[in-house]
Amino acid sequence: MTRTATLIRIGIGAAVIAALILVPMNFNRYGLFILSQWAVMTIAAMGLNLTLGYAGQVSLAQGAFVGIGAYSAAILTTQGIPGIGPLPLLGALVVAVALCFVVGWILGYPALRVQHHYLAFVTLAFSTLAFLVFRNEDWLTKGIYGISGIPRPHILGFATGKPLPFYYVCLGSLALVSLAVWWLIRSPWGRAFVALRENPLRALSLGIDTRRYTLMAFAIGSALGGVAGTLYAPLTQYIDPVPFGLSLSLDLLMMVIVGGSGFFFGPFLGAMIAVLLPEWLRFTQGYYLMLYAVAVIALLIYSPSGILGILDRILNERRTRAASAKRASAKAQLETAP
Amino acid sequence: MSNLLDLLVAGLATGAIYALVAVGFTLLWQTSQTINFAQGEFVMLPAFLMLAAMNAGAPFWLAILIGIALSVILLGLGFKLLLVDPMLRHGVLPLAIATMALAIGIKEAVKQFYSAEASPFPSLIPGGEIAVFGRPVAVQSIGVLILAIVVVLGLTAFLNRTSIGHQMQAASQNPTVARIIGVPVERMILLTFVINAALVAIASILITPIYLAKFSSGEVLGQAAFIAAIVGGFNQVRGAIAGGLLIGVVDNLGAAYVSTQYRAAIPMILLIVIILFRPQGLLGRAEERTV
């Protein structure tokens, strides 16, 4: 990549970040809620993108992990642990991440035996089981009545009760998670994940411990789902089982595929489509989800690798054309040379 | 609590409907690697098409014919030509996601253009109970069971006894060889989509009187049919039938004797256990792993 291209990239990145910080300052409560939701769902989708996009393991359980994270945060910050009392959100986060990591690791075991659609259905079953536990274990989750009055945290002494400060909490968390994932996919770990996706047999023959990396892909992806859930609970301040049903897992899967699975920025765009597009289409009244469905199908027919797939294709074509132009001119020079 | 016999018959009846839906699901998978996440909505929609026809003044029998015809056109031909064909070469996952979006679209369209409320649906089979071995059993359950079995037997006879059925099986088992020996593979694939559409329409007629016509009723049904297909064997028609009956019975007996709260969990646990110990399903063949 040339230096100007790098500069342009940095410039665009800085402009987007500045816009994300500055523009919402004039938003109303609802606008801030939607934008915060986008940040939270992006984190969950990034987790799934690691599992699916980089490691190639189809999971329909990411919504369940968001639920586990949300319930951990809700229970620990309202009731807390018997004898100790309510925990701060950061404490709940540690518990939620650890819990999701372990459960995700265990859920990875079926992936060692079965692949593709079978794996999708095992994780689908897990998703449904998790939903039933949320709904039926009244003593822990208050069942269908849900848990209300989930407090928003104090961060470095600042209260984040109002929508704008809490939006910054979500955005800041998104930034931290993005940096961590960015580092991860560039580390040998990330390369091992991709090797696993591209060709498991070859990965094995290259000395990659495919068992460990498959489990790890599930565990890390699930843990990020837990992070998203931990933010979701104080964002809505009330949770019940309904949002964490199978449809959330399907939505997250759709976000990853529509954004572009295996692209770093895919989840950002996918979550934008899934969270913001229906809001923008609200002026069409009852038709908005229908239009949303049609838009998703049309996009997938046009570009099955998602939005970033289109961009990738355009860039590739340009690169190929530039290269052939160069070759042509070089050839011409060679031919005119004596 | 109802008696065991009644529970068993009711379970078999719902199971037989699951089997109808699951058979279509496995047919699509075998011939074109299509996982149709909208299969439940495919069952929900024909009931509304028939209700719309009846609202327009058509008698019930005509509404049924219109419903089946429209189902074949929209959910068979339309689905194949407009969605599956352009997406098939891109692989299983994007197509599966597209069918998820299709499920949302169908659900919302029914909600928007028909009603968000549940509507009653006339039954082909009279209500009441009759005595079987001295115990009362719902007539509706027996009627549904018999009709579903007739349809499934008819389909298996078609697949195993007729020339077109043999060609369809050849096309699904080995498209390359089938093409060489002169089977019109493309037409056979299209035929499986049409058969699937007819099966879901029949399932719709049988199940809607029991659970009412509601825009959201496809979710549960679709999931039950997926589980039935996997438990029985993803790549076998008889597997899907066995799986459907098994899930119906297990679900009904589990709800009565184990726990109503965890009713939905029982088929799921069955699913996980079977996938882990016999991934090809109870009656399925193992597929070669393509790594």
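Which residues does A:Ser222 touch, not counting residues up to four places away in sequence? In this predicted model, local features need pLDDT of at least 70 and side-chain atom pairs count only at pLDDT 80 or more, whereas totals for chains, interfaces and linings use all residues. Residues are numbered from 1 along each chain as its sequence is written, chains are lettered from A and ligands numbered from 1 in the order in which they are written, and side-chain values use heavy atoms, with hydrogens and water left out.

A:Ser222 is located in helix 10 (residues 210–236) of chain A; helices (H or I, at least four residues) and strands (E, at least two) are DSSP runs, numbered from the N terminus. Beyond residues up to four places away in sequence, A:Ser222 touches A:Gln62, A:Phe65, A:Cys100 and A:Gly104, where contact means heavy atoms within 4.5 Å. With a relative accessible area of 2%, A:Ser222 is buried. Buried denotes under 20% relative accessible area, exposed over 50%, and partly exposed in between (1.4 Å probe, protein chains only). The loop between helix 10 and strand 4 (238–239) of chain A holds A:Gln237. This residue, A:Gln237, has a positive phi of about 60° although it is not a glycine. Most residues other than glycine have a negative phi. A:Gln237 is partly exposed, its relative accessible area being 32%.

Two further helices of chain A were examined as a pair. The axes of helix 2 (residues 29–54) of chain A and helix 12 (residues 266–280) of chain A come within 8 Å and cross at roughly 145°. Axes are lines fitted to C-alpha atoms, for helices over the stretch in contact, and angles run from 0 to 180 degrees between N-to-C directions. The contact involves, among others, A:Trp38, A:Met41 and A:Ala45 of helix 2 of chain A, and A:Phe268, A:Met272 and A:Val275 of helix 12 of chain A. By class, 13 nonpolar, three polar and one charged residues make up the contact of helix 2 of chain A with helix 12 of chain A. Ala, Val, Leu, Ile, Met, Phe, Trp, Tyr, Cys and Pro count as nonpolar, Asp, Glu, Lys and Arg as charged, and the others, Gly among them, as polar.

Helix 5 (residues 116–136) of chain A has 21 residues and reaches 30 Å from its first C-alpha to its last, close to the 30 Å expected at 1.5 Å a residue. The expected span is 1.5 Å times one less than the number of residues. Helix 5 of chain A is mostly covered, with 17 of its 21 residues buried.

Five salt bridges are found over all chains in a search of the whole structure. A salt bridge is a side-chain nitrogen of Lys or Arg within 4 Å of a carboxyl oxygen of Asp or Glu. In chain A, the side chains of A:Arg197 and A:Glu198 form one such bridge (2.8 Å, N to O); A:Arg197 is partly exposed, at 32% relative accessibility.

In chain B, a salt bridge joins the side chains of B:Lys107 and B:Glu41 (3.9 Å, N to O). B:Lys107 lies in helix 4 (residues 92–113) of chain B and B:Glu41 in helix 2 (residues 39–55) of chain B, so the pair ties together parts that are 66 residues apart in sequence. Both B:Lys107 and B:Glu41 are buried. B:Lys107 also forms a salt bridge with B:Glu219, their closest N and O atoms being 3.0 Å apart. Because B:Glu219 lies in helix 9 (residues 218–232) of chain B and B:Lys107 in helix 4 of chain B, this pair ties together parts that are 112 residues apart in sequence. B:Glu219 is partly exposed, at 42% relative accessibility.

B:Thr34 is found in the loop between helix 1 (4–32) and helix 2 of chain B and is buried, at 0% relative accessibility. Its contacts, not counting residues up to four places away in sequence, include B:Trp29, B:Phe79 and B:Phe193. B:Leu199, in helix 8 (residues 185–211) of chain B, is buried with a relative accessible area of 5%. B:Leu199 and B:Ala22 are 177 residues apart in sequence and 9.5 Å apart in space, C-alpha to C-alpha. In the loop between helix 8 and helix 9 of chain B, B:Leu212 has a positive phi of about 70° although it is not a glycine.
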